[in-house]
Amino acid sequence: HGSGRRARMVVEDSREALAAAAGCHPSEIIFTSGGTEADNLAVKGLYWSRRDADPRRTRILCSPIEHHAVLDTVQWLEKHEGATVVWLPVDHEGVVSEEAIRAELAAHADSTALLTVMWANNEVGTVQDIPAITALAHEYGVPVHTDAVQAFGSLPVNFRAAGVDTMAISGHKIGGPVGVGALVVGRAVKLTPVMHGGGQERDIRSGTLDTPGIAAFAAAAREATENLPAESARLRQLRDTLIAGVEREIPDAVLRGAREEQSGDTDRQGMPRRLPGNAHFTFPGCEGDSLLFLLDLAGVESSTGSACTAGVPRPSHVLLAMGLSETEARGAQRFSLGHTTTSADVDTLLNALPGAYERAKKAGMASHVSSIQTAGTGFTS
Ligand code: PLP
């Protein structure tokens with residue numbers, strides 16, 4: 001009926017817009033509930049289909065700096081599905097070693113199910129050379145998944161040009177709604193579905209489609225990609241002002257992740273080495289949570305970047321993989337810039353930071369949040 005056809009038209013128009021933004025064919029877009037589901041579908045789906053075709057293929061090559069959506073999925077496959085996870089080394093900037101990938105594939109390509117490396121890291125902003133990594137894996141016939149949740153909408157991401165087999169993207173990272181995303185799946189790629197049901201989305205992802213969410217995701221993608229060159233240049237400039245300001249105000253602070261040689265200077269066909277909207281530092285002698293709390297009091301919202309398990313702050317797995325000690329990793333703070341960020345916001349941070357850092361250092365490493373709360377609010381405990 002007419003209403004059903006109109007809904008379908010909205011979905012198909014959105015699929016076309018997203019395909020144009022991601023550099024793929026519309027039929028390669030598989031809508032999901034977000035980046036987490038897209039990563040699960042890609043990693044489990046590729047693993048099961050490759051292992052079913054040849055039971056020797058149980059190795060998964062994975063970077064140790066992946067988001068938990070990939071990290072926990074490969075660990076689940078290791079625990080429940082007989083996978084062997086090979087952790088690829090990264091350098092101090094968080095760049096995955098291509099030599100290690102080559103050595104691993106040269107020795108074990110026949111028993112490798114897939115390789116998964118994220119396009120850009122959500123904590124330290126490091127951008128990988130995904131086309132080069134993919135070309136390498138394909139030399140050995142191994143499919144590649146990339147988590148492009150952070151890269152899509154911020155970098156010139158093109159599925160076809162990168163050559164990857166599957167690519168995860170998410171709505172809420174580009175100004176769209178939470179709860180919608182997509183896995184881009186190359187037409188020749190075989191994936192075993194995770195969800196079973198009505199056979200929607202080429203039978204790869206069953207379930208009634210979220211038409212309004214999909215329409216909003218497509219609108220955000222259109223806007224983000226149309227404005228990408230200008231907006232990323234604007235953000236890069238703000239980010240570099242922020243980085244220079246933090247290094248001037250707090251000489252002890254250490255920038256983590258890759259440093260762009262010069263603002264806008266790129267050596268890999270227009271692909272920068274760091275996300276335009278990411279600045280990440282470690283601040284020696286303080287707990288990241290304390291700094292976060294004190295900055296929040298001053299109206300600056302930042303992130304420690306690391307997961308908190310049952311209220312206990314744990315050092316970031318990303319920073320540990322980059323070679324930092326647990327103590328160094330605990331003073332981490334990520335500043336993210338987006339389309340609403342202005343130079344006044346950067347000034348607010350730079351004004352608030354020295355005082356917040358001094359107080360955070362006094363609170364020390366051990367009794368972080370409770371002592372800060374006492375100090376910040378005038379309450380005594
Ligand atoms: N991958 C990366 C790199 C992310 O930053 C995120 C979100 O924080 C995800 C995956 C998960 O995406 P979603 O929140 O849409 O499930």
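Colleague: In which sense do strand E2 and strand E3 (residues 84-87) pair, parallel or antiparallel, and over how many bridges?

Modeller: Keep in mind that this is a predicted model. E2 and E3 pair in the parallel sense, and 4 bridges join them. Take one bridge as an example. Ile-60 has Val-85 as its bridge partner in E3.

Now look along E2 itself, which covers residues 59-62. Its side chains point two ways. Arg-59 and Leu-61 point one way, while Ile-60 and Cys-62 point the other way. All four are buried.

Is Glu-104 buried or exposed? Glu-104 counts as buried because its relative accessibility is 13%, and the cut-off for buried is under 20%. The side chain of this residue has a polar partner. Glu-104 and Arg-59 make a polar contact, side chain to side chain, at 2.8 Å. Arg-59 itself is one of the buried residues of E2. Setting aside neighbours within four places in sequence, Glu-104 is in contact with Arg-59, Leu-61, Val-86 and Ala-109.

Next, step past the end of E3. The loop between E3 and H4 holds Leu-88. Leu-88 is buried, because its relative accessible area is 2%. Compare its place in the sequence with its place in space. Leu-88 and Cys-62 are 26 residues apart in sequence, but their C-alpha atoms are 5.9 Å apart in space. What does Leu-88 touch, not counting residues up to four places away in sequence? The list is Leu-61, Cys-62, Ser-63, Pro-64, Val-96, Ile-101 and Val-117.

Val-164 lies in the loop between helix H6 (159-162) and strand E6 (166-170). Val-164 counts as buried because its relative accessibility is 5%. Along the chain, His-138 is 26 residues from Val-164, and their C-alpha atoms are separated by 9.1 Å. Leaving out residues up to four places away in sequence, Val-164 touches Ile-130, Thr-134, Val-144, Thr-146 and Phe-159.

Loops need not be buried, though. Asp-129 is in the loop between strand E4 (112-116) and helix H5 (130-139). With a relative accessible area of 23%, Asp-129 is partly exposed. From Asp-129 to Asp-240 is 111 residues in sequence and 22 Å in space, C-alpha to C-alpha.

Now turn to the ligand. There are 13 residues around the ligand, and Gly-35, Thr-36, Asp-147, Ser-170 and His-172 come nearest. The side chain of Asp-147 has an N or O atom 2.6 Å from a nitrogen atom of the ligand. Ser-170 has a side-chain N or O atom 2.7 Å from an oxygen atom of the ligand. His-172 places a polar side-chain atom 2.8 Å from an oxygen atom of the ligand. Taken alone, the ligand exposes 390 Å², and the protein buries 85% of that. The shell is made up of 2 nonpolar, 8 polar and 3 charged residues. Helix H2 (residues 35-53) gives the most to this shell, with 3 residues.

In an open sheet, 3 strands run in the order E8-E9-E12. Strands E8 (254-255) and E12 (332-336) stand at the edges with a single partner each, so one side of each has no neighbour in the sheet. Strand E9 (residues 278-282) pairs with E12 over 5 bridges, in the antiparallel sense. Asn-278 stands opposite Ser-336, and Phe-281 stands opposite Gln-333. E12 is an edge strand, yet 4 of its 5 residues are buried.

Terms used:
Residues numbered from 1 in each chain as written. Predicted model: local features only at pLDDT ≥ 70, side-chain atom pairs only at ≥ 80, totals over all residues. Heavy atoms only, no water. Buried < 20%, exposed > 50% of the residue type's maximum accessible area, 1.4 Å probe, protein only. Polar contact = N/O pair within 3.5 Å; in protein donor to acceptor, adjacent residues only side chain to side chain. Contact = heavy atoms within 4.5 Å. Near = heavy atom within 4 Å. Areas by Shrake-Rupley, 256 points an atom, 1.4 Å probe, with all protein chains shown as cover. Helix = DSSP H or I, 4+ residues; strand = E, 2+ residues; numbered from the N terminus. Nonpolar A, V, L, I, M, F, W, Y, C, P; charged D, E, K, R; others polar. Pairing = 2+ DSSP bridges.
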